[in-house]
Amino acid sequence: LTSAVDVASLLVPKGSDIVSARGRGFPGVVYRSQVDPVLDPQTKLVVLVNSQTASAAEIVSGAVQDLDVGVIVGNERTFGKGLVQNVEDLPYNTALKYTVAKYYTPSGRCIQSTNYKEGGGLNAKDNGRYEAQKVKDKDKSVFYTKNGREVKDGGGVEADFKISPPKASLLEITLLRSGVYTDYAAEWSKKNELTSGFAIDDATFRDFKNFVMAKQKEGDIKLEAVYAEPIKDLKKVLKESGYKVSSKELDQLQANIIRDIQKDFDKYESDIKEDIGQNILARYLPERMLIQRGVKSDKQVNAALDLIKDGEKFDKILARTGNVREGIVGGSTFNTAAAGKLLDEDEFAAKFSLKW
């Protein structure tokens, strides 16, 4: 939590509430920014999130959103880990981890997405010791950001500006799982030298396709791997039933699937070329440089950059234009203090590496 507070303090106005926590019989603490932010008020800030953004990273995202200092960009809500937990040592090298409170963002909302309750112990249905249930939309409460924008609790931090991430094709997934990209990169390195302006040209792409098909023929990889087991099981059932004709038709189906997958080489050529290039460069460059290279073609990153360049759209999302009502939290003005407690320093943390 200390890392989250330190990072958020660099982004929000001095004296702003960042996070608080409260629970039954729990001494509360509110964490506020004690330093001036490093960002100029005119600087446009975008925070990228996804469904795995959790805990300390959600604290930073929630503070940025509630204080309207930046736009949250992503495809959906964040993970929703808003519990404060303690750990008590028990005999026989065991320990008990238990929840003592919940986190709350500056607007007063809780980011926890799942509610837990006693499920009846050992005699409960299906031997359940507790019940876990996602917070339903009808049970979510409305809160307001500093500029009066509506936000809801009970499910992480929802993106202000939604951009769907690129989806990998079945062929890409199969190639990645098979390790063929790494194998090809090793072969490429034996015959070629890395030069400035490196890029995967059409000749290299054709060579990679031939490399993959040779592996397929030798049985080292199976492009139809996703369908192989279901087809195998169906063949077994048909054989036991004596349906020979249907069994032969399955062989034809499998061959057709392979041909269809092969056509995806052309359909997803640009994505596959990017994967080939990344794997070749991985033999020469440190991971940091590979990440920087990958970011240039990232759909969500590019959308965030376009948003930053569009000042009017950016301000509209944050309700910086026109009249907005003052944010209200539980009948009082925005930033009403909430009680809470700090997580242990070894609890969840977020590490940010930014380069502009």
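**Figure 1. Helices H8 and H9 in the predicted model.** In this predicted model, the axes of helix H8 (residues 269–281) and helix H9 (residues 287–295) come within 10 Å and cross at roughly 160°. Because angles over 145 degrees count as roughly antiparallel, H8 is described as roughly antiparallel to H9. The crossing of the two helices, H8 and H9, is right-handed. On the H8 side, the contact is formed by Glu 274, Gly 277, Gln 278 and Leu 281, and on the H9 side by Leu 290, Arg 293 and Gly 294. By class, the residues at the contact of H8 with H9 comprise two nonpolar, three polar and two charged.

**Figure 2. The largest nonpolar core.** This core contains 28 residues, of which Leu 1, Ile 18, Val 19, Ile 59, Val 64, Val 84 and Tyr 103 touch the most other members. At least two residues of the core are supplied by each of helix H1 (2–9), strand E1 (17–22), helix H2 (56–66) and strand E6 (94–104). The greatest contribution comes from H2, which provides five residues. In soluble globular proteins, nonpolar side chains tend to be buried together.

Figure 3. Lys 215 belongs to helix H5 (residues 202–218). With a relative accessible area of 18%, Lys 215 is classed as buried, because the class requires a value under 20%. When neighbours within four places in sequence are left aside, the contacts of Lys 215 are with Val 180, Asp 183, Asp 220 and Ile 221.

**Figure 4. Surroundings of Gln 254.** Gln 254 is located in helix H7 (residues 244–267). The relative accessible area of Gln 254 is 18%, and the residue is therefore buried. Residues up to four places away in sequence not being counted, Gln 254 touches Glu 224, Ile 231 and Lys 235.

**Figure 5. The protein chain as context for the close-up views.** The secondary structure of the protein chain consists of 11 helices and 13 strands. Of the 356 residues in the protein chain, 40% are buried. Among contacts between residues at least 6 apart in sequence, 68% join residues at least 24 apart.

Definitions and conventions: Residues numbered from 1 in each chain as written. Predicted model: local features only at pLDDT ≥ 70, side-chain atom pairs only at ≥ 80, totals over all residues. Heavy atoms only, no water. Core = buried A, V, L, I, M, F, W, Y, C linked by side-chain atoms within 4.5 Å. Buried < 20%, exposed > 50% of the residue type's maximum accessible area, 1.4 Å probe, protein only. Helix = DSSP H or I, 4+ residues; strand = E, 2+ residues; numbered from the N terminus. Axes fitted to C-alpha atoms, helices over the stretch in contact; angles between N-to-C directions. Parallel < 35°, antiparallel > 145°, perpendicular 65-115°, else oblique. Left-handed = near helix turned anticlockwise from the far one by under 90°. Contact = heavy atoms within 4.5 Å. Nonpolar A, V, L, I, M, F, W, Y, C, P; charged D, E, K, R; others polar.
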